[in-house]
Amino acid sequence: MSSLEITKLHKEFEEFHAIRGVDLHIKKGEFTVFVGPSGCGKSTLLRLIAGLENVSSGSIKLDGEDITEVAAANRGLAMVFQSYALYPHMSVAENMSFALKLANVDQDTIDAKVNEAADILQLGNLLDRKPKALSGGQRQRVAIGRAIVRHPSVFLFDEPLSNLDASLRVQMRQELSELHQRLKATMIYVTHDQVEAMTLADKVVILNAGQIEQVGSPLEVYYNPESRFVAEFIGTPKMSFLPVNSEVKQLAMKSDGGDKRQLAQGHWLGVRPEFITIEPGGQLEGTVSLVERLGAETLVYITYKDSHQLAARVESLSAINVGDHVNFSISLDRVHSFDKDGRRISPNVTDILIGKN
Amino acid sequence: MTSFKTELQAIAVPPMFAFEPTLENFSIVQERSDYMKYAINSVITSFGATFLALVIAVPSAYSMAFFPTKRTKDILLWMLSTKMLPAVGVLMPIYLLTKGAGLLDNVLSLIIIFTMINLPIIMWMLFTYFKEIPKEILEACRMDGATTLGELRHVVMPLSWGGITSTGLLSIVLCWNEAFWSINLTSADAGTLTALIASYSSPEGLFWAKLSAASTLACAPIVVFGWFCQKQLVQGLTFGAVK
Ligand SMILES: Nc1ncnc2c1ncn2[C@@H]1O[C@H](COP(=O)(O)OP(=O)(O)OP(=O)(O)O)[C@@H](O)[C@H]1O
Ligand SMILES: [Mg+2]
């Protein structure tokens with residue numbers, strides 16, 4: 001169990017600046033998730049921590065000790081790869097014991113550790129198999145087992161579940177969560193699946209184009225997104241955005257209090273689907289463009305002013321159909337507002353809207 | 001076939017297909033020159049050169065396959081292009097170099113030259129075999145605490161063992177059959193079997209039957225060797241396909 005301190009980290013590939021100044025502190029025992037769209041540099045950041053890529057500038061400290069120039073083999077970290085990367089010519093047991101053998105650990109200790117890991121991961125009866133003869137889920141477990149036996153100071157996971165089918169993914173996600181409870185180890189986990197991020201993380205790090213957009217607990221980033229990017233990225237379906245036009249402005253003016261000058265042209269209001277209500281008395285109008293019936297709930301996508309699509313969450317058995325003209329209202333007290341550059345305008349801005357509807 | 005005929009039968013026109021086989025040629029060949037000596041030279045040069053080439057090529061191919069730079073492709077192509085240069089072109093300089101080093105008619109010079117001749121092909125083959133190993137497996141190995149040598153020993157070599165052996169076998173066969181350099185740089189002491197064959201087409205005349213006998217003797221070991229290794233070869237060629 002270790003803490004990690006990343007300072008002013010940069011990574012430039014030949015012609016591409018992949019990591020652009022990352023500062024991050026990861027506490028002992030914390031489950032940190034890097035999340036962001038494809039190509040934003042999640043894997044690169046993880047590989048820099050692992051030592052599989054050379055740092056261009058900046059530093060990485062493990063428990064206060066600078067490891068920026070230490071070779072991957074000597075950092076004492078364990079990594080679980082998206083492709084599992086098991087040694088195809090070794091059995092499950094050999095795969096798991098390889099690192100310990102390299103470290104000249106005696107056979108009894110190795111056996112004990114392998115058996116312990118096999119118990120945790122229910123791999124007991126597969127120890128003699130070759131990776132070829134395992135299912136995807138089992139391979140993933142072996143890859144995790146290979147990390148567990150080493151008692152590494154930090155576990156690194158690069159999209160470990162993305163090759164599994166949906167139901168197995170949910171199951172493995174829960175197992176990983178339990179594993180973290182049990183080992184109390186520091187873990188860093190890369191994913192572009194925000195459900196994984198929200199469910200697993202103590203701390204979510206949202207990356208965009210090689211920079212950190214926001215760091216926070218899952219609920220913090222959900223309720224207090226600092227930028228439009230984060231607001232849009234976290235939450236399914238996505239947060240909807242309304243341009244601040246005269247109609248919206250009028251709505252807000254009718255509400256009392258607050259500094260209404262902030263509602264300038266070019267700003268955006270962001271609304272989560274649960275805060276859009278379709279009701280006959282709603283002041284805004286739109287056309288239903290898509291209805292998704294998910295069973296427990298139904299999602300209605302409304303086209304507003306011919307160009308803006310808003311998602312609303314309605315009760316499961318709602319009779320709304322595609323093409324319907326609907327009136328809707330917005331819980332203005334729960335709206336976020338963003339400036340032209342996508343930065344959130346101070347949280348108080350939304351307060352001025354409180355009191356309407 | 002011809003090697004089992006007498007000299008007269010051998011040059012008969014039209015060629016004879018039914019004849020009394022004779023071993024006479026073989027014994028003459030053996031009498032005139034010590035077959036075993038040439039054979040041993042062949043073995044030493046081909047195995048020695050192959051071993052040396054592998055020792056050089058495995059680490060180089062490893063670094064080219066797993067740590068490619070912008071120039072890696074160019075280097076590979078350049079290496080292959082050296083194979084296109086006719087050997088005669090460099091005969092003089094190499095002959096003089098060997099002479100200068102006092103290594104004329106010496107097995108060592110042959111080993112060095114054979115190594116250099118086959119190195120490009122060996123590098124290419126190993127490079128392609130290594131390329132098939134997923135990069136993540138090596139990275140996993142590094143994370144597990146292995147040094148570069150450990151990576152080679154525990155992962156790269158076992159995973160491409162089939163490829164390495166077939167490359168080695170190919171190299172042995174190529175060295176064994178290499179005639180140009182052994183004829184030009186050796187005579188009695190370090191001569192290989194190919195040099196022995198060549199000695200039968202001498203200014204004193206062509207001895208078809210004896211030439212064939214010598215050829216048969218020269219080819220026999222490598223054919224037998226190849227036959228025994230066939231299983232290994234086939235295994236090697238298919239091993240990489242299963243991940
Ligand atoms: N070895 C490399 N050479 C050059 N560019 C690279 C290299 N590795 C990654 N990149 C670039 O760096 C950027 C970040 O890549 P990275 O793999 O970290 O993305 P990611 O966030 O993990 O994406 P994904 O979710 O698709 O895995 C990408 O634009 C990629 O093209
Ligand atoms: Mg990635």
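**Exercise 1. Salt bridges between and within chains**

Task: State how many salt bridges the structure holds over all chains, and describe the one that R47(A) forms with E139(B).

Solution. 

Step 1. Over all chains, the structure holds 13 salt bridges. A salt bridge is a side-chain nitrogen of Lys or Arg within 4 Å of a carboxyl oxygen of Asp or Glu. The model is a predicted one; local features need pLDDT of at least 70, side-chain atom pairs count only at pLDDT 80 or more, and totals for chains, interfaces and linings use all residues. Residues are numbered from 1 along each chain as its sequence is written, chains are lettered from A and ligands numbered from 1 in the order in which they are written, and side-chain values use heavy atoms, with hydrogens and water left out.

Step 2. In the salt bridge of R47(A) with E139(B), the closest N and O atoms are 2.8 Å apart. This pair crosses between chains, from helix α1 of chain A to helix α7 (residues 135-143) of chain B. Helices (H or I, at least four residues) and strands (E, at least two) are DSSP runs, numbered from the N terminus.

Step 3. R47(A) counts as buried at 12% relative accessibility, and E139(B) is buried with a relative accessible area of 2%. Buried means under 20% relative accessible area, exposed over 50%, and partly exposed in between (1.4 Å probe, protein chains only).

Step 4. A network of salt bridges links R47(A), E53(A), K135(B) and E139(B).

Task: Where do D144(B) and R150(A) lie, and are these residues buried or exposed?

Solution. 

Step 1. The salt bridge between the side chains of D144(B) and R150(A) has an N to O distance of 3.4 Å.

Step 2. D144(B) is in the loop between α7 and α8 (148-159) of chain B, and R150(A) is in the loop between α4 (136-148) and β7 (154-158) of chain A, so the pair joins two chains.

Step 3. Both D144(B) and R150(A) are buried.

Task: Determine which parts of chain A are tied together by E297(A) and R313(A).

Solution. 

Step 1. The side chains of E297(A) and R313(A) form a salt bridge, 2.9 Å from N to O.

Step 2. E297(A) lies in the loop between β14 (284-293) and β15 (298-304), whereas R313(A) lies in strand β16 (residues 308-314), so the pair ties together parts that are 16 residues apart in sequence.

Step 3. E297(A) is partly exposed at 23% relative accessible area, and R313(A) is partly exposed at 26%.

**Exercise 2. The surroundings of ligand 1**

Task: Identify which residues come nearest to ligand 1, and list polar contacts of its oxygen atoms.

Solution. 

Step 1. Of the 13 residues around ligand 1, those that come nearest are S38(A), G39(A), K42(A), S43(A) and T44(A). A residue is near a molecule if one of its heavy atoms lies within 4 Å of it.

Step 2. The shell divides into 5 nonpolar, 6 polar and 2 charged residues. Its largest share, 3 residues, comes from helix α1 (residues 42-50) of chain A.

Step 3. An oxygen atom of ligand 1 is 2.5 Å from a side-chain N or O atom of S43(A), and an oxygen atom of the ligand is 2.5 Å from a side-chain N or O atom of T44(A). A polar backbone atom of G39(A) is 2.8 Å from an oxygen atom of ligand 1.

Step 4. Taken alone, ligand 1 exposes 620 Å², and the protein buries 62% of that. Accessible areas come from the Shrake-Rupley method with a 1.4 Å probe.

**Exercise 3. Chain A and its backbone**

Task: Summarise the build of chain A.

Solution. 

Step 1. Chain A has 10 helices and 18 strands, and its C-alpha trace spans about 75 × 45 × 35 Å along its principal axes.

Step 2. Of its 357 residues, 52% count as buried.

Solution. 

Step 1. Most residues other than glycine have a negative phi, and most peptide bonds are trans.

Step 2. The bond joining T236(A) and P237(A) is cis, with omega about -15°. P237(A) lies in the loop between α8 (228-233) and β11 (240-243) of chain A.

Step 3. A85(A) has a positive phi near 50°. A85(A) is in the loop between β6 (78-80) and α2 (92-102) of chain A and is buried at 4% relative accessible area.

Key. A polar contact is a pair of N or O atoms within 3.5 Å; within protein, one must be able to donate a hydrogen and the other to accept it, and residues adjacent in sequence count only if both atoms are side-chain atoms. Ala, Val, Leu, Ile, Met, Phe, Trp, Tyr, Cys and Pro count as nonpolar, Asp, Glu, Lys and Arg as charged, and the others, Gly among them, as polar.
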